Amino acid sequence: MSVTVDCPLEGCELSGGPHWDEVNNVVYFVDIARKICRWDPTTNSPVALETFAIGNADTPFVTTVGRTDKGRLLFTAGHRFGFFNPETKKIEESIDVEDEIRIAENRFNDGKCDASGRFRAGTRLNNGGPDPPVVTEQGSLYCLHRDRSVTSHAHKVMRSNGLDWTDSAMYFIDSLKKVVYVFDYEPLSGKTSNQRVAMDTSSWEGIPDGMCLDAEGMIWVAFFNGWKIIRYNPTTGTKLSEIKLPVQQISSCCWGGPNIDILYVTSAGIRMTKEQKESQPAGGCVFAVRGLEVKGLKSNIFILHCKKGV
């Protein structure tokens, strides 16, 4: 296996939440400082990267983005889900999560769509970096259904992060507990049950952050402050391989490209010393990893305008 790691896109503060748009062959991701980014990886043109500012200085961090079947973008910020029109560059709708409004110091973190067109995202205490001074279990995992109703599916979460699904299981990362959980998952109703630990990553450097599955059902986990992506077998918990990257803060990953065989990896360049910045000039870059000899799963989209209860 001849793996190559390229850094075709630089200039972000903290890139994350990548989503491959197979219709337009672009990567959407967030730069957490209130920006949604759309990047065409097939060209080196100056217009290959387009950014959309979300809100103003009073708007909380924008933490994840996905595409809808109507061409709009679904994002999370603060305590809300939002729908953004990239053509008009306007937020067209916001859905507040009442349970989270009551916890002023919380905010949304990572999120993703399941194959049935629902969007799940989790919350965390908004208290800084990977080693916060206060650790609490006040985060939750929510589901935005296609009728725009919101339900909760997990509680006592320290820091919600990566998500992905098979036909019968949902995987979910709690970063500060350093575990990947697995739930039994019913695609038609979206119900989850039987939460248990699939993988304990406490022996590895860094904390598990974003993740994705490949077509063989294996999990790829990004390790913030860990310099790497690790591929696991979620059934046995066995480490299968790892990809070393030239930056310490690896935030997430998704599959893309015409054949869904390129791993796009997001990263950060925040809270770094002068020496770290000099030795890691690619901090915040979006990397393209090729030659992995496995294909991924397509990014799911949110399905709008369905009847109640789905």
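The side chain of Thr63 makes a polar contact with the side chain of Thr76 at 2.7 Å; a polar contact is a pair of N or O atoms within 3.5 Å, where within protein one must be able to donate a hydrogen and the other to accept it, and residues adjacent in sequence count only if both atoms are side-chain atoms. This is a predicted model, in which local features need pLDDT of at least 70 and side-chain atom pairs count only at pLDDT 80 or more, while totals for chains, interfaces and linings use all residues. Residues are numbered from 1 along each chain as its sequence is written, and side-chain values use heavy atoms, with hydrogens and water left out.

The side chain of Thr63 also reaches the backbone oxygen of Phe108, at 3.5 Å. Thr63 belongs to strand S6, residues 62-67 (strands are DSSP runs of E, at least two residues, and helices runs of H or I, at least four, numbered from the N terminus). Because its relative accessibility is 8%, Thr63 counts as buried (under 20% relative accessible area; exposed is over 50%, partly exposed in between, with a 1.4 Å probe and protein chains only). Leaving aside residues up to four places away in sequence, Thr63 touches Val30, Ile32, Thr76, Arg107, Phe108 and Asn109, contact meaning heavy atoms within 4.5 Å.

By contrast, Met1 is found in the segment before strand S1 (4-9), and it counts as exposed because its relative accessibility is 62%.

For the chain as a whole, the secondary structure comprises two helices and 24 strands. Of its 310 residues, 56% count as buried. The C-alpha atoms fill a box of roughly 50 × 45 × 40 Å along the principal axes.
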